[in-house]
Every structure is written in C-alpha cells, then in structure tokens.
Protein chains: 2
Amino acid sequence: MATVRNHHRMATVDALAQALEISKACVASESGRLPPVREAGALHAELDLGLGEDGCSFEELVVRLRAIVEASPNSSNQRFLNTLFGGREPAALVGEWLAAVSNVSMYTYKVAGPQVLVEQELIARMSAKVGYESGEGTFTPGGSLSNLTAMLLARNEAVPNAREDGLSGTPLTVYTSSDGHYSIAKNAGILGLGRARVRRVDTDSEGRMKPDALAAMIDADRAAGLTPVFINATAGTTELGAFDPIPALARVARAHGVWLHVDGALGGTLLMSTRHRRLLDGCEHSDSFTWDAHKMMGVPIICSAILVRERGLLQKHLNESADYLFQTASDDLNPGVRSLQCGRRNDALKLWAAWKLLGDAGYGVRVDKQMALSVRAAAMIAADPDLVLVRQPQSINVCFEVRGAASVAVCAELDRTGAIKVGYCATGDRCAIRLVCVNPETTDADLDQFFGEVKACAARLVRDDLPPTPPSERRSPQQ
Amino acid sequence: MATVRNHHRMATVDALAQALEISKACVASESGRLPPVREAGALHAELDLGLGEDGCSFEELVVRLRAIVEASPNSSNQRFLNTLFGGREPAALVGEWLAAVSNVSMYTYKVAGPQVLVEQELIARMSAKVGYESGEGTFTPGGSLSNLTAMLLARNEAVPNAREDGLSGTPLTVYTSSDGHYSIAKNAGILGLGRARVRRVDTDSEGRMKPDALAAMIDADRAAGLTPVFINATAGTTELGAFDPIPALARVARAHGVWLHVDGALGGTLLMSTRHRRLLDGCEHSDSFTWDAHKMMGVPIICSAILVRERGLLQKHLNESADYLFQTASDDLNPGVRSLQCGRRNDALKLWAAWKLLGDAGYGVRVDKQMALSVRAAAMIAADPDLVLVRQPQSINVCFEVRGAASVAVCAELDRTGAIKVGYCATGDRCAIRLVCVNPETTDADLDQFFGEVKACAARLVRDDLPPTPPSERRSPQQ
C-alpha cells in the first residue's frame, strides 16, 4: 500500500514538473503573435478535444495540453489588450498555484485554517482603503456577483421581510448610469426586482452620471408609488473608464435614504495610488463597494471582493443554519456564513502574495504606471494625423478611431490574424477602438507596435475596400 | 525595454519554480499529521500575515508562503476526511495550473479560444451521461450557484414576466427534502421567492424524500392559492449520502407540471459507473441537474456544472445586451450569454485533463473504488464492538458512533490535535461521525488508522471525563 501511495505522490510531482515546463514555454512566447482565430470545429478536431470511453497515457495528455495552451489566447501577451485585465504579477500566480495544491474550501476555519486569516487581512486592508471603519466583506466569483450581493443587501434592508417571505407588493427601483455595467440589469432580473425597474441615469459628456438627473428620477419614482432601493455609482466604466461623481451621488443617496453602492470593479484599485485615489473621493460614504483585484492588480481571475460598511449585514442576509458544516470556531472565523456560495475556492492567497511582496507602496507605483501609460497612449494618438482621440482618458481606457476606418472591422481583422486582440465600444453615435492600459509591463515600443498594427490593418481594409461589418451581422443579443 | 521585459519573464519563471518546490514539499507531507488548530490571533502573528505600506523581498515571500502552506489543512492528506471533497487527480492539478498561466475569461470565443470548446465538450459529455439529448449547460462557481441557476430558470418559466417586471402577486413555492442542501433555502431568499416558501418534505428511514408526501404538499399549496415552481431531488445528501427516488419524483413533477431539478452535486459522479449509476435512474426526466466535479472526481475546487434539458433557457434568462463584450463569434461560442457571471475563470481545463487521461472507463473504476471503500468502512464498523453503524451507507458517506462517546466532542478533539479532520452530522435524534470515502487513494491501512485514532480519542475523552460539548456552546447560527 505504501508503494501505491508513493507512486501516486511521485506521479503528482512529475505531473507538476510537466506543468512547469509547459508554463515556461507559455511565458517565453508572450511577445509573439497571438494564435489566429480558428473555425471551432476544425480547432476541436485538431486539438483532439473529444472525450471517450478510453483514456490516454500521461505522455499523450501532456502533448495535448501543450497544444491547447499554445492555441489559447494568453492575457499576459503584450498583444492582448481586449479586456479589463491583462499582464500578471508573478507572485500572484505563485499564490494561485499553491492554493490549488492545498485545495481547501473557504467556508470554515476548521477546513481552511490560516487561509481564512489571509482573506480577513485582505478584507480589512481593502476596507481601510475604501474608508469603512468597521466594515466587513467577502470574496466572490467576480464583479457581477459582488454587485449582486450588494443589491441583495440593499433590497432586504429596504424590504425587511423579503428574505423570509419573498417579494410582493410595491415595485422596487434601481439606478445606474447609462454607462454602468450590464450586471446591474442582469442582477435585477435574478433578484426578482425586474430588469424593467432599472433606471438608466443620463451621463455628461465624459460618461459620468448626472446627480441632478438621478435625484429627479428618484423623486418621480417615489411620486409614482415605487420604492427606490439601490443606487450604483460606477468607479471606472467598462467603456470609457469614467468615474461617477461619488460625493454628489452620496448626497442624493443620503437625502433620499437609498443604498449607495460603488462598482469599483475596474477603478477600485486606484485607491492604492496617493496620486489617483482622488477619483474615488467620497467612497467612504457608500454602503458597499465592489473591487476586482483580477483587473488592475495583476492577479489571476477571479479575485473580486464585496466590501460592506455596516458589519453584520452579510451574515444577516446570507447565513443558513447548517450544523453539518459550521461545527467549530466562531462565526467570525467561518466566512461561509457571509457568502452566496457554500464550497468556495481560495481566491485570497494569490492577492495576498502580490500585496505582501509589493506593499501598498509598490501597488501605488504599479497603478501610476498604468495611468501614465494611458496618458502616453493618448498623446501618441493626438500626435498622429491618422488617429482620432474620442475622449481624453479618465483612467486606463483609451478610446480612439482610425480616420476613415470602421472600428468594428479593424478589431475583427486584427483578431482574425492574431496581430492584436482589442475591442471596440460605442460612445454616443461613434464606435471607438478601446485600448486598455492595464498591463504595467507594456512599453512605449509595445504601444508603437500596437498603433502600427492598427493603422496597417485599417489601411489594408480601406485599400481592399472591405465594407465595415454592418450592425446586422454582429451578434444580436436579446435586448 | 527588452531587458526589462526579459527580466519580468525570468522573474515569472523563477517564481513558478519556487511554487513547484513548495508544492513538492506539500505533496510529500500528505501522510503526516495535519496542523493542529491554532488560536487565530497567534497564528496571524506567527505567519506575519499583516499587509503594510512596504513590501518584502521575493525570498522573504517564499519563506512566508511555505509557512502558510505548512500551516494549512491539505485536502489530499489521508487524515482529511471532513468534507465531500478530498484527494486529487494529478492531471487535474496540471490543468488548474495551466489555466492560471493563460488566464483567460470564459465569456467569449474571442478571449478564451479553445478553452470554450474544452468546456463545451465537457458539457456535452456530462449532458449525455445525464441523458439530456439536446441539452445545454454552464460551469458555475459551485453547487449552490448551480442550484440557484436552476431555481432561477424554473421561477422565470413559471412566471413569464418575472425577469422583466420582478416578482409580485402569487407566492411561489419550492420543495426539497428535510435532508436537502441548505442552498435551496438560501437561494429562495436570494431569488425573491422567500425562505418561508421552501417546503421540507419528509424522508423515509434511509433519508430519501417520500414522493407521496411531496404530492400532498403540492396539492395543499395549490389548494391554498400558491404556485409550486420547483422540486429539488437530491442525489447524494450531504449527511447520509442518500438518493431521493427520482423516477417517482419525476412522476409527481410531471403530473403537477412542476420543474424537477436533481442536485447531484455529490452523487452526480456516480453516472460514471456502470455499476452504481442505477442510483440516478430516471434523471433523464429531470429539467436540470447540478454536478460538482470537485467532489468525487478529484478536481481542484471549484468545478461545478449546471446542466439543463431544454436548450435556450440559460440564454433566455441570463443574457444581456453588451456590445462591449460580445463582439465576435456566434452566441453558441460565447458562454457569457448563458452565465450568472461576466468574467469567469476557466474551471473546465482541469476536469478535461483528468477526464481525457482516465476516460469514462477510468472514472468508472475510480467511482467503484470510492464506493467499495465505504462498504469496507461499514464492515469494519460493524465488526467492531466499540463502534455503531448508524446507517448502512448508500454511497460514500459512512455515519457511525463510538459507543459511550459524544460525536461532537470526538470530532473537535481530533481536530484540535491535528490527528484527523472529520465532521459530525445529526441523523434523527442521534449525532454521528460522518466519514466521507471520497479519496480513492485511501487504503485499508488508512481506514485502520482512522478508526484507531477515533477510538483512542473517544477513550481519552471518556477517561478524562470531559463532558460532551453541550449544544449551547456550539455556534448558534441564525435560524
């Protein structure tokens, strides 16, 4: 039996050594082109993804895994500029690997031990950055579910019997800007509030929610017999990277007695920078705060926290009696009583590792680099007669157009060939290319390469007279 | 710049090599004792978990991470028998590590590329095992949220305007057995149904839901003007590992026109065994199915799928228009339109790696080993005059008592010293120790060691005349 056990252990160690080798090759390729887009059926067949009755040897598996990794986009590649995350802190990846080896679930101190304390340290540190004096929080599987948790608390605090008796009676309303994240509507659909009860408040020319418009909508809804329960202020919008004016929104929220949430999924990390945290001034007056560390902090996805100003609300609205789970330690040490989830992965160790290494100061430097990159990118655009800067960047999103070229078509063509992954966004009646300066390892040479690829691609499309993809050919999601 | 870039890459590779070394040490220690329970404040200080303004050197970080890993429970240790997961497939851990290196988000084909196809292959294979002919599905962050997704679909199909207009009017009711998982009540609270609308259906002596009792409750609720929307059949209850009688429940569901969900978070994996899948007979008649691969399949947490019989419902009830995200490829290749989440981590590659290696056949052998272990454990209990088998195990949970000893106190003392992590569960008016035979590497010698530790601990407690922990000293969760 001991031999069998040792064999299993050696197999594990050998397997992990293979994973390291594949990972090294992956890291080494991070300045090359991305894999070009392939037709799904052909790619499935080529990579031999099919599962069947029989297995394969470990050697065959390694060959296949290597091929899958090579065919996958890599968000640390300098040509990957498509999303609000990209690049990595090496220490965070170490934390992620180690969390997977211990493989504990973050519901109890009995099972997770010091990992609970690691998470608590992060919650405390993040809460202090927000300005919550005695707050609480939990890690969740992403910004959408962090936002959902906040909306749940707001709903239940406004309708005290909602958790026990369900929703009925007066319709409840929710407010977010027209540039707010789609999770607000999705969550309203999930929580029984109704997507139609989400009010889209107008924004100013920079994409920031107008406080007067918000106040007027709340007044109108109240007058119509509806109950406003939740205001979402966005700190770093998905498209423009804009920051809603939190102090003014906090005044509206307080005057109307409505829960104020800050969706800092993107921009929360600016709290680490003494230079840029002013964009979040007033966030200490909010009731809850979403902060994704997997975006600007370089931590592998997912790493999101929901922070709450008033201690006790998470447990009040999420705890269930479950004697088969919560058997030792106090509630304070059993995060499962404050979570949407039961079993929950350890998303804390990876952030802790990077934060311990960098300190607040190092993260501040990192943020300042990201912000400086967007300033440089904007300057390069402004200086280039072929490019148009659509908005002066407020944070790390830089939205621009190539003169005479359709942004949608340029992005699609760049993607098809593996030159660049970058997305577009609608701003008003224009469609811009959205460059996200989230990877602090990006250099001026990388930016030169990026704009060079974009312009060459646009010129090729114009020369070949390819029509811009009409809206009808884009995917047409349910409205 | 190239030098800076190369430096960053070398730092990454060096960091990962350190992670491998720590992981090797962790794997090597998996037959030793577990870390004894420590007081939280002392442990926090000793491990130097505090974050501050300044960072530390990478060498210091490695020392600290190693100490944290050593102080953390390890769910692959043979003494870790506390939860419904434990042990690991080495290939799955390789998949987990590689997913973290590529670090893509599973919302679009543009960003995740072949990883979308990996997930689709798994969904198709799992759906076929359940017996859904043209089903769909998505990976979620755990069984609770898989169940929530199913309840959301059921709610919205029963109340067609619920997603748009919110809930109001007729109360909706939900049915689960008295042994069902606590997430059903928690989710009812979240979804606006109300925890008080969850009916706890009686179970038989083996912990299985009584179909007649279910039918009577539905009839009574209908007669009272309520609208039944969701029946949860549990395939592998948390405490006893019992299987509700799915064929009979399916007949009740069909006769009453109510959505039938199977919570196979624990027991779904039995579908891999030709010998044991009969416990899930009839599951092809359900509307949805939760299956956690991080439990019996040895995949790092979290790895959970919600499978749905009718294709199109996930998108119908979860999709949002988000042009800034869904820019290329068809909806079919963009899993984000079918998810609770926006950004979503890749939980698919780790399961794919293990499944590709083992094949269906290998996983069948693995399940049969787990089930055989529970039979052996039960036989050892039955043959031991100091032990009492509380129930003949139906699957991998083996519930027993030590004669004359309080199970709660025994579990706490075993935990305190690091001898064994195991939990207790209430069954009727008794409190049993719950041994979960989920790690197929467990040997007869390990079981001998386990029972030896348990009995020695119980004898010590009786000898020292330590009183069993009274219920009032256990945590007292909100009811």
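Begin with the domains of chain A in this predicted model: the C-alpha centres of domain 1 of chain A and domain 2 of chain A lie 38 Å apart. To display the division, colour residues 2–30 together with 35–72 as domain 1, residues 104–355 as domain 2, and residues 358–473 as domain 3 of chain A.

**Stop 1: S288(A)**

Next, select residues 288–292 of chain A, which form strand β7 and include S288(A). Is S288(A) buried or exposed? Its relative accessibility is 0%, and because buried means under 20%, S288(A) counts as buried. To see what surrounds this residue, show the residues that S288(A) touches beyond four places in sequence: Y132(A) and A150(A), then W259(A), L260(A), H261(A) and V262(A), and finally I306(A), L307(A) and V308(A).

**Stop 2: R199(B)**

Move to chain B and select residues 198–201, the extent of strand β4, where R199(B) is located. The relative accessible area of R199(B) is 19%, so this residue is classed as buried, the limit being under 20%.

**Stop 3**

A separation of 22 residues in sequence lies between R199(B) and D221(B), and their C-alpha atoms are 9.7 Å apart. Show the side chains of both residues: a polar contact of 2.9 Å joins the side chain of R199(B) to that of D221(B).

Notes
Residues are numbered from 1 along each chain as its sequence is written. Chains are lettered from A and ligands numbered from 1 in the order in which they are written. This is a predicted model: local features need pLDDT of at least 70, side-chain atom pairs count only at pLDDT 80 or more; totals for chains, interfaces and linings use all residues. Side-chain values use heavy atoms; hydrogens and water are left out. Helices (H or I, at least four residues) and strands (E, at least two) are DSSP runs, numbered from the N terminus. Buried means under 20% relative accessible area, exposed over 50%, partly exposed in between (1.4 Å probe, protein chains only). Contact means heavy atoms within 4.5 Å. A polar contact is a pair of N or O atoms within 3.5 Å; within protein, one must be able to donate a hydrogen and the other to accept it, and residues adjacent in sequence count only if both atoms are side-chain atoms. Domain bounds come from an automatic or database domain assignment.
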